Amino acid sequence: MPFKENFVWGTATAAYQIEGGASQDGRGPTVWDDFSHTTGKTRFGDHGDQACDSYNRLDEDLEILKTLGVKAYRFSICWTRILPEGTGKVNPLGLKYYDRLIDRLLASKIIPFVTIFHWDYPLELYYQGGWLNAKSPQWFAEYVRVLVDHFSDRVQYWITQNEPQCYIGLGHELGRHAPGLQLPRKQVIRAWHHNLIAHGLSVEVIRENAKLKPYIGIVSCGGSPIPLTDRREDREAALKAMFNQKDGERLNLSHGDLLDPVVLGKYPDRLVPFLPAGYEKEMAIITQPLDYIGLNLYSGFHVKYDEKEGYLREAEPVGKEETSMEWKVEPKCLYWTPKMVIDRYQLPVYITENGMANNDWVALDGQVHDPQRIDFIKRYLKELLKLADEGYQNKLAGYFYWSLLDNFEWALGYTKRFGLVHVDFTTLKRTMKDSAYYYQKLIASNGELLNAER
Ligand code: NOJ
C-alpha cells in the first residue's frame with residue numbers, strides 16, 4: 001500500500017539554526033546566544049549570529065521550498081523576536097518577519113507547521129530561573145497567546161515544543177547544550193515537569209483562542225529500540241526498553257517519559273520520586289487532547305530478551321555504517337518507533353525530523369553529490385512504507401526531512417551538514433544537492449518511487 005493520498009511531504013528547520021540576524025530588528029538575546037559565545041561551549045566557537053542568514057534571505061529560501069515541491073514547511077518561531085524579554089513588550093518587527101514567511105508559504109500552497117519552542121529560550125527569563133521557576137509555564141502561555149492572536153487566522157498546525165528530552169537532558173542535566181547546566185536529578189525533573197505544564201497550558205491557549213481550527217502536537221525524541229529477532233520475547237523486550245526503561249546513571253529521557261504523561265496522564269514510575277510535591281494536581285493540565293505526535297528519528301539500537309534484566313542491548317557489529325554525527329544508520333527505527341508509538345497512544349504520527357549529516361562539498365562541476373544521503377532517504381522511507389503497508393497507512397500523516405539547509409548544529413557548530421541544500425557559510429550561497437533533486441522526485445510520486453526501487 002502506498003502512503004495515503006494527503007500524506008504531508010515536508011522539510012524542517014529551526015530559528016536559531018538558520019535565521020542569523022541575532023541583533024536585528026529588536027530580537028532579544030536567548031540562552032543559545034549566550035552559550036555559543038561562551039568560550040569552549042561550541043565547536044570552533046561557532047554561533048548563530050549569522051547562521052544561514054535566512055532572516056535576510058527569506059525569498060531565496062522560499063524559492064527553494066517551491067522548487068522542491070514540499071507540501072509543508074516546519075520552522076520554529078524565535079520567542080525573543082516576538083517578546084524580546086520573554087514576556088511583556090511585543091516586538092512588531094518580529095511578528096512582521098513571520099507574517100512574511102507564513103503569507104508567502106500560503107501563497108505557494110505550502111502548509112506552515114509552526115514549532116513554538118525549539119530551544120532558543122529567552123535569556124531574561126533564564127535569569128529568573130528558566131524552566132525551574134514555577135511561573136515558567138505562565139510565561140510560555142503568554143508567548144503562545146501572542147502567537148495565536150496574531151497568526152491563527154493563517155496557521156493551523158502547531159507544535160508546542162521540540163524535543164523537551166534534549167532541551168532538558170542535554171541542557172539541564174549534562175550541560176552540553178544551552179543553558180549549560182548540570183543539575184541534580186530532582187531539579188532536572190522539576191524543570192521537566194514545568195516544561196510539560198507549559199505544553200499543556202499552551203494547548204489550552206491555542207484551542208480557546210485560535211481563529212482557524214488548530215491541529216496541535218508535540219515533538220518527541222529518544223532511543224529507538226529494535227527487536228533483535230522476530231521472536232515474541234524480543235519484541236516484548238524492545239517494548240520494555242521503549243516504555244519501561246531501566247534507570248541508569250543518566251536520565252536518558254525517552255519517548256515514554258514525555259508521551260506517557262502528555263497523552264496517557266501518567267508519569268513513568270522511575271520519574272515519580274523526583275517530581276515536586278503535589279505534582280498530581282497538575283496532571284490535568286499536562287494531559288490535553290492532541291491531534292498528532294511528532295517523532296524525530298535518526299538511529300536505533302537492537303534489543304533482545306534477557307531473563308534476569310528483562311532486556312539487553314545488543315552490541316552493534318564492528319564497522320557498522322554511520323553518518324558524520326557518528327550515529328548508526330538504522331533504517332528500521334522508521335518502522336518500529338512509529339509502530340510502537342501509534343499502538344500505545346492511538347494518535348497519528350508525523351516524522352517531524354529524519355535525515356543525515358554527511359561530509360558534503362561543492363564538486364568541481366559546481367554540484368553537490370551526496371549519494372549516501374539519497375540511499376539513506378530511500379532505506380529509511382522504505383521502512384516507513386512497510387509500516388503503511390501493514391495497516392498503518394491512515395495513522396502515518398507525513399514526513400519532514402531534516403533539514404532544508406546545512407545549518408548550525410548546536411554545540412557542533414557548522415561542522416555537520418544535514419541539508420538537502422548546501423550552504424557556503426562564507427558566501428552564504430545555496431546549492432541544491434543531488435539529494436534535493438531526488439527528494440523532489442520522491443515527493444512528486446508520493447513515495448511511489450520507493451516501490452519502483454524495491
Ligand atoms: C534534533 C533537533 O530538533 C534539531 O535541532 C537538530 O539539528 C537535529 N535533531 C540533528 O541533530
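Me: Which helix gives the most to the lining of the largest cavity?
Reply: Helix 3, with 4 residues. Before we go on, this is a predicted model, where local features need pLDDT of at least 70, side-chain atom pairs count only at pLDDT 80 or more, and totals for chains, interfaces and linings use all residues. Residues are numbered from 1 along each chain as its sequence is written, and side-chain values use heavy atoms, with hydrogens and water left out.

Me: What counts as a cavity, and what as a pocket?
Reply: On a 1 Å grid over the protein atoms alone, a cavity is a set of points where a 1.4 Å probe fits but cannot get out. A pocket is an open set with protein on both sides within 12 Å along at least five of seven lines, and lining residues have an atom within 4 Å of a point.

Me: How many cavities of 30 Å³ or more are there?
Reply: The count is 3. The largest cavity has a volume of about 110 Å³, a volume being the space filled by probe spheres set on the points, which are joined across faces, edges and corners. It is lined by 17 residues, and Ile-18, Leu-58, Tyr-73, Tyr-97 and Leu-101 are the closest to its centre.

Me: What classes are in that lining?
Reply: The largest cavity is lined by 12 nonpolar, 3 polar and 2 charged residues. Nonpolar covers Ala, Val, Leu, Ile, Met, Phe, Trp, Tyr, Cys and Pro; charged covers Asp, Glu, Lys and Arg; the others, Gly among them, are polar.

Me: Now the ligand. Which space does it take?
Reply: The ligand takes the largest pocket, on the rule that more than half of its atoms lie within 2 Å of the grid points. That pocket has a volume of about 1,500 Å³. Its lining has 49 residues, with Cys-166, Gly-222, Gly-223, Arg-250 and Asn-252 nearest the centre.

Me: Which element gives the most there?
Reply: Helix 8, with 5 residues. Helices (H or I, at least four residues) and strands (E, at least two) are DSSP runs, numbered from the N terminus.

Me: Which residues come nearest to the ligand?
Reply: Gln-17, His-118, Glu-353, Glu-409 and Trp-410, out of 13 around it; "around" takes a heavy atom within 4 Å.

Me: How much of the ligand is buried by the protein?
Reply: 95% of the 300 Å² that the ligand exposes when taken alone; areas use the Shrake-Rupley method with a 1.4 Å probe.

Me: Back to Trp-402. What kind of peptide bond joins it to Ser-403?
Reply: A cis one, with omega about 15 degrees. Ser-403 is in the loop between strand 11 and strand 12. Another cis bond joins Ala-178 and Pro-179, with omega about 5 degrees.

Me: Why point those out?
Reply: Because most peptide bonds are trans.
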